[in-house]
Amino acid sequence: MKSFNYKRHNDYKWVMVIDLDRCNGCGACVIACQAENNILVVGEKLALQKRTMSWLRIERYFDGEWPNLRVAFLPMPCQQCDSAPCEPVCPVFATYQNPEGLNAMIYNRCIGTRFCGNNCPYGVRKFNWFDYELESPLEEQLNPDVSVRSKGVMEKCTFCIQRIRRGKDTAKDENRKVRDGDIMPACSQSCPTNAIMFGNVNDPHSKVAEMAESKRRLLLLEEHGTHPSVIYLKGGV
Amino acid sequence: MRKIGGHASLKPRSDIARFATKILAVLAVGFIGFVVFFYAAPFQYSFSVWAPDQPIAYSHKLHAGDLEINCQYCHAYARRSEMAGVPSVSKCMNCHSNLTIDSEQIAKLTEHYDQDKPLEWIRIYDLPDLVWFSHKRHIAKEIACQKCHGPVQTLVTNARLVKHNMSFCLNCHQENGAPTDCLTCHM
Amino acid sequence: MDRRNFLKLGGAAAASGVAGACGQVAKKIIPYVVPPDDGVNPVDGWHYATTCRMCGAGCGIIVRTVEGRAKKVEGNPNHPINRGGVCARGQAAVQQLYHPERIRTPLKRRANTKGTNQFEKISWEEAIAILADKMKKAKGKGSFVMASDTTDVTASISAQTLKKLGSEDFVGPNLKGLQSHPDASKVLHSMSSEQYYDMAHASFVFLLGADVFENSVSPVHYGWAFGQMRRGNPTHRGVLTYAGPRVSMTAAVADHFIAAKQGTLGILALGVAHVVLDMVEKERLLRSIPRPTMARWFKALEVYSLETTSRRTGVPEWDIKEVAKKFMTHRSAVAIPGDDVSCYSNGVESLKAVEFLNMIVRELNREKGHLMIPDLPHDETNLFGRMKDFLGVPEKASQFRTMRKIVKKAADGEIVLGMIMNIDPVFSAPRFLDVAKALDNVDTVVYFGCFLNDTTQYADLILPDHHFLESWSAQLPNYPHGYPIFNAQQPVVRPLYDTMPSGEALLKAAKKAGFNLKMDNQEEMIEKLVTEFRAEWPEVPQTLSDSQAWEFLLPTGGWWSTLRAVEPVEAPSTDHLWDVSDQLKVEDPVFSGELEHTFHLHPYETVTIGDGRLANLSWLQEMVEPVNSLSWGFWVEINTVRAEQLGIAQGDILTVTSKFGSIEAPAALYPGIGPDTLAMPFGYGHVSFGKIPSGQGANVLALIGDQGVGKTGEPAWRGVKVKIAKTGRRKKMVREGDMKGEYEGEVFQL
């Protein structure tokens, strides 16, 4: 297994660890993401055309035949790759690698070529085909920290950048570094089984740094050299 | 067939070439139009000086300039949060419950207070949704309010004197070594 | 000024929040007239602790509000039930709060429109006056209450009002859940409520058709317990085995799945118990159990030999032995029964069988010295019981039997006033009860709730309720059993519309009608409860005054015994339960259906919209059913191989017919279901429940007949057989799952 290519020169390198052995597929993270990031519902008609907008989906894998069947769930957010295949194909640099290892997506720069979505091996980028309307007063629920994307813009999981920013902001006020556990993306916060952990892998004492060295570590499509920042811990023993 | 210009040496263009020129012209106009309409910000971001009428003729010159009241007395959230905050009516009434009560404007203010009716101020500075800006961070760096809001203490009617576009932010960030990563402000 | 006043002023906050980036009109800033005492945090907002009421579990939640608007539901990390987690349905509370279809004013039925949702607006004075008048008329003449929760202040008020009206017909919300449980536990455990199964501290869990992560008493609590069991212990990974007829979401995460025939899980439990006892004898364990008792057990289990059990349940002998071995070798184990145990004709006996297995296992655990959270009937001082008595929470009776009684009375014209609190019995009760006809026969039906639904079609008066994020309440949740929990519920936003909490409306009307109730208003009642019991709550500093104590409890979300809810203790001996051998007899299940009905019907609640109460929330509609990857709609799951044999393709609309009714549904091909089983979700087929769910799919309850679980009077809603026929039509179904990439095999790799 290849070793990680973390950006060691920065204070922070955000990493998500998803323990597949804990995940029970309940979908709380999906709705948490939807509520936090103003992801709008597209409706049955557009969902039929696979134009749902959710940034995080739970995949399921079946193995074997009835009754000797094995099933596994796999929550799939943007993998925030260190060498992301989506980045080099963007003609306007709307998506790029941020110093903290996040695969940034700048909506106001995006011109909607959809090259990035096409190049993403994980299929986690979503394109706004339409402006989605909210019937009043549903707009009251929208999170003011996150912009509502409009038609023609590509979007994807940000590791809840608004929460990262707020965590760093508070840390700066108190003249310290972000502590382990200060920042929790919406999915990780809501997870009933505590399957999703988030933190700074450049902090050797953080929980994710410890988990990242686990023997159960699994990186999706590692052989493509994407160096994802989402580390899965395999199920089973 | 029509001649183009007076030069006999110039061969008249073929129909196809003329058609192509037309297409190109249409495309060019279309492209410029697209760029203008796509990127041109709505009007309140694009004009620099803008001074709408406010429900109460509040004078920054009088309060901040002549009386030298600290900005953060009224905009109390500025040092604590992302927003500067517009003071509540009760804050105005701290002084105006017994100060200049005979003025017409203060009578209006008192009426709002008594009837529990909020004031609806017109926003002067506004950033689009896709920008994240924190007053707290900038005040912690001791950046003067005037740097972004102009000489507010000289204005009788508050006006937008500074255009808050991306280059305005970036210039300052670059000069002062502040982060210029896109994700610093955009999300 | 206190917190309450703050909320009254909150609505005056700035309206600039999210107006979109493209406004051509000048935006406004609208500051407070008077800011709240605890200041304003304009951007990060305030976080209020309250209680989630999307289902009855009673999870503690923290709601983030910005500028007086609720934005996000987060779990309360200190709450003993959900421990910081929150499920999809809980998150959707904010969508329910801001739902465009909420009822905004009191409504009165237009003349001669019963059976439709046609109403005219009236004022609250008029509405309360009508209700008071009807109450006066109904006194002593027959009335009932159908409540959405049996453990909160509203339930307490409605039960008291009902008593004043001279009736005891109070029925709770869950008409088709684990209704036979109380009957079985009563015999084996002398308890009247759900048991607590300590999954968190177990190293082996045997789930018998228990979809604990989907529709148990508290899916989030079990989710937490599951995480703890699997990976909470650094040296030992917990093992989960699931037995049942369908791979549900819960079964999908199990390490081993055992396919058992419908309704035979009780037999399987006794078969496993038999093997366990054999091993116990061989290894000379459980010497504390008297020999004669042991001999009686063996005698009772004689007929559940490995071979017979295997034949009757369809489970290979090897699998039964494996489970028994795990019970023997793991340090701590537990068996959890679910709907697939209780919802057949032999439900009660099957539950007893599982409890018997649990009893042996518990003795084994004790012998291995493992500590677990026991299921106490009540704590030593019976604090919780006294708290419930003080609040006047109605005793939990068999809800289905009460429902039957009410419907019969109504049909006989013996009911004058019916009060329905935020539930939809016309939709959620089985068709054979014909609740609609019964309600039609009631003189006045008053509906308290947030949305118009199938039931309001028969209501005469509609009193719009506050959403739970807008109102005060207190709840004493039944789960985890025996541990006292006081859930405080506070408003996080100012009420959006001209609504009134149901409890308060009832109190007002009762007062007007001249009834003398124990309390004047809801909040007073809650504060009284705190004053009465805080001396016994060691977590609340005794130096505080009563109002300070209340302020202290609000930000925590209520009170619970931190010590007792977390620390496992040695389970008490169960020797008083040992003499049950004469009750260990599980018959083969009886199914209602003719020879032509070749499929078993397996109705189930999805983790998305549940029993249909939340079907009008688009977040949950678009959420993907975890195992069959469908969203937006109704389906009938059929085994993939069997479907191919029958020439049925994904989306082919089938007619599913039972002895009792017939409905149509598009086929969903699913590998995780037996070839003789069809699974259909509850919660679809609303008639008049707003834009999204009305007319979506059909109601499975139409297929279920009045066949009882033993003599309990509960319907055996999984004991139905059906047949299918193709209609020739086809529906496009929303299905997630382009499995991109080639990492499929890796997930399973060790």
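**Reading the terms from the structure**

Modeller: In chain C, three strands form an open sheet in the order 2-3-4, with antiparallel pairing. This is a predicted model, where local features need pLDDT of at least 70, side-chain atom pairs count only at pLDDT 80 or more, and totals for chains, interfaces and linings use all residues. Residues are numbered from 1 along each chain as its sequence is written, while chains are lettered from A and ligands numbered from 1 in the order in which they are written.

Biologist: What makes strand 2 (46-51) and strand 4 (69-75) of chain C stand at the edges?

Modeller: Each has a single partner strand, so one side of each is left without a neighbour in the sheet. From one strand to the next, the twist averages 30°. Strands here are DSSP runs of E with at least two residues, helices are runs of H or I with at least four, and both are numbered from the N terminus.

Biologist: How do you know that strand 2 of chain C pairs with strand 3 (residues 60-66) of chain C?

Modeller: Pairing requires that DSSP finds at least two bridges between two strands. Six bridges join strand 2 to strand 3 of chain C, so they pair, and they run antiparallel. One example is C:His47, whose bridge partner in strand 3 of chain C is C:Arg64. In general, strands of a sheet pair through backbone hydrogen bonds, either parallel or antiparallel.

Biologist: Why is helix 10 (residues 265-283) of chain C called oblique to helix 11 (residues 291-301) of chain C?

Modeller: Their axes come within 10 Å and cross at roughly 135°. Angles under 35 degrees count as roughly parallel, over 145 as roughly antiparallel, 65 to 115 as roughly perpendicular and the rest as oblique. The angle falls in the rest, and that makes helix 10 of chain C oblique to helix 11 of chain C.

Biologist: Which residues of these two helices of chain C meet?

Modeller: C:Leu270, C:Ala273, C:His274 and C:Leu277 of helix 10 meet C:Trp297, C:Phe298 and C:Leu301 of helix 11. By class, this contact has six nonpolar, one polar and no charged residues. Nonpolar covers Ala, Val, Leu, Ile, Met, Phe, Trp, Tyr, Cys and Pro, charged covers Asp, Glu, Lys and Arg, and the others, Gly among them, are polar.

Biologist: What makes helix 20 (residues 502-512) of chain C mostly covered?

Modeller: Nine of its 11 residues are buried, among them C:Leu506 and C:Leu507. A residue is buried if 20 or more other C-beta atoms, placed from the backbone, lie within 10 Å of its own, exposed if 12 or fewer, and partly exposed in between. What covers the buried residues includes helix 4 (124-138) and helix 21 (522-533) of chain C. Just after helix 20 of chain C, C:Gly514 takes a positive phi of about 90°.

Biologist: How many residues of chain A are in contact with chain C?

Modeller: 65 residues of chain A are in contact with 66 residues of chain C, where contact needs C-beta atoms, placed from the backbone, within 7 Å. The chain A side divides into 34 nonpolar, 15 polar and 16 charged residues.

Biologist: And what does chain A give to its contact with chain B?

Modeller: That contact takes 15 residues from chain A and 10 residues from chain B. Helix 4 (residues 161-173) of chain A gives the largest share of the chain A side, four residues. Chain B itself comes to 10 helices and one strand, and of its 187 residues, 17% count as buried.

Methods
Axes fitted to C-alpha atoms, helices over the stretch in contact; angles between N-to-C directions.
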